[in-house]
Amino acid sequence: MLFRVTPDASTGRVRVDGEIDMAGAEVFEQQLAPLLADRESPEVDMSGVTFIDSAGLRALYRCSESMNGNGPLVVVNPSRFVASLMKIAGFDGAGPVVLGDARD
Amino acid sequence: VTSEIISLGERLKTRREELGLSQSQAARELDVARTAYRLWEMEAARPAPDRWRLIARWLGVSVATMLLAADLIDDDEATQAQTIAGRLGAGDEWDASVDGAKDFFDEERAAIDRRALEGLVSGAEAVQLTSIVERLRSTAGAPRSEAWRRASLTKELAVEPEALAVSRAAVIGVASNIPSDRLAVVVQLTSELIADLIQAKVGQDLTSCTLAISVLPAFVRVRVAVPRSSARPAHPVGDEAGWGWRFVTQLATRWGAGSEGEAYIAWFDVDLPEPGARPALTAVS
């Protein structure tokens, strides 16, 4: 697998590292969704994500839909490029996935 | 892998030596200053458009071949132009009959329009040729000596999820010297095109595709081709497009999809900045 999903006890966030594409999107969703399910303000730290495609972003969106009404799901520290993809996908508004701070 | 291309400088030098001429004599035959000719041979400068036809004739090649040698068009564009010319029975689709130092681009556009009206080229072919001419118009002045390193790769890929990472590695291998913000876009969109094929594969006899990556001085072009019989119609725009195609349409400089001969092609171009210019960020408002 080209990515890793780990809960970070110190920040309360879930950290994602690596590359997420269509080949791994389903597993990504299966790993991430349970870690977000019971959090009131779920945050995903994507500072370690070097690539994510439309299937990966769709998986992120589906995770947000399975959070038992909590949310929105906040994505923090994506690269500028990943942040630009998320904006194109419509994640910068008032939807279930919103964009937090991007890194340089 | 594409065949080796003989550069314009090399062609000029070889031809000059065949004719037993000095650089000054060759410069006189091509009606330019000796210094300019010397720079062409050294590939430190490219000829201006008003010399293209004359140089091609002097070299004994088509204008398309001359433009390919000068890094002004890529293999695909040269092939398109030559194929159309071959079918017309003309020596050169870039209108070798038109002489001289008039505006090359306006004349070519007029010639293409004329042939389309006469039914000698199809509407789609006319659009292809016109787009090549228009791109040439915008890039003809770029100095070759500072251009991005030319490179290309053609690779057969199985239409399987594993091909996604392979395609990204292929892009990085071929285009690693372009600015990182542009490389990120090319990697992203290439992976999206392959992912689109994997999705399209469901219920169809689609096993492999051809990925072609070309890094040219002014832009990077990526084409993905599959046999037409095995592919679904393209949905590059509209509700069915999904985010992948939305990325293509918003981040690529030019893009397209459709049938071409016996293949279904999806492609995009990402323009490169002038070398030395401050890299532009991929801005999305």
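How much area do chain A and chain B bury between them, and what percentage of it lies on carbon and sulfur atoms? The two chains bury about 1,800 Å² between them, 70% of it on carbon and sulfur atoms; buried area is the accessible area (1.4 Å probe) that two parts lose on being put together, summed over both. A:Met22, A:Phe81 and A:Ile88 supply 36% of the area that chain A buries against chain B, more than any other three residues.

This is a predicted model, in which local features need pLDDT of at least 70 and side-chain atom pairs count only at pLDDT 80 or more, whereas totals for chains, interfaces and linings use all residues. Residues are numbered from 1 along each chain as its sequence is written, chains are lettered from A and ligands numbered from 1 in the order in which they are written, and side-chain values use heavy atoms, with hydrogens and water left out.

In terms of contact (heavy atoms within 4.5 Å), 21 residues of chain A meet 22 residues of chain B. Across this interface there are 5 residue pairs in polar contact, both residues being at pLDDT 80 or more. A polar contact is a pair of N or O atoms within 3.5 Å; within protein, one must be able to donate a hydrogen and the other to accept it, and residues adjacent in sequence count only if both atoms are side-chain atoms. On the side of chain A that touches chain B, the elements giving two or more residues are β3 (43–52), α2 (54–65) and α3 (80–88) of chain A; helices (H or I, at least four residues) and strands (E, at least two) are DSSP runs, numbered from the N terminus. The largest share, 6 residues, comes from α3(A). By class, this side of chain A has 12 nonpolar, 3 polar and 6 charged residues. Here Ala, Val, Leu, Ile, Met, Phe, Trp, Tyr, Cys and Pro count as nonpolar, Asp, Glu, Lys and Arg as charged, and the others, Gly among them, as polar.

Between chain A and chain B there are 2 salt bridges, each a side-chain nitrogen of Lys or Arg within 4 Å of a carboxyl oxygen of Asp or Glu. One salt bridge joins the side chains of B:Arg168 and A:Glu19 (2.7 Å, N to O).

Within chain B, helix α10 (residues 180–200) contacts helix α11 (residues 242–251). Among the residues that meet are B:Leu189 and B:Leu193 in α10(B), and B:Trp245 and B:Phe247 in α11(B).

Methods
Axes are lines fitted to C-alpha atoms, for helices over the stretch in contact, and angles run from 0 to 180 degrees between N-to-C directions.
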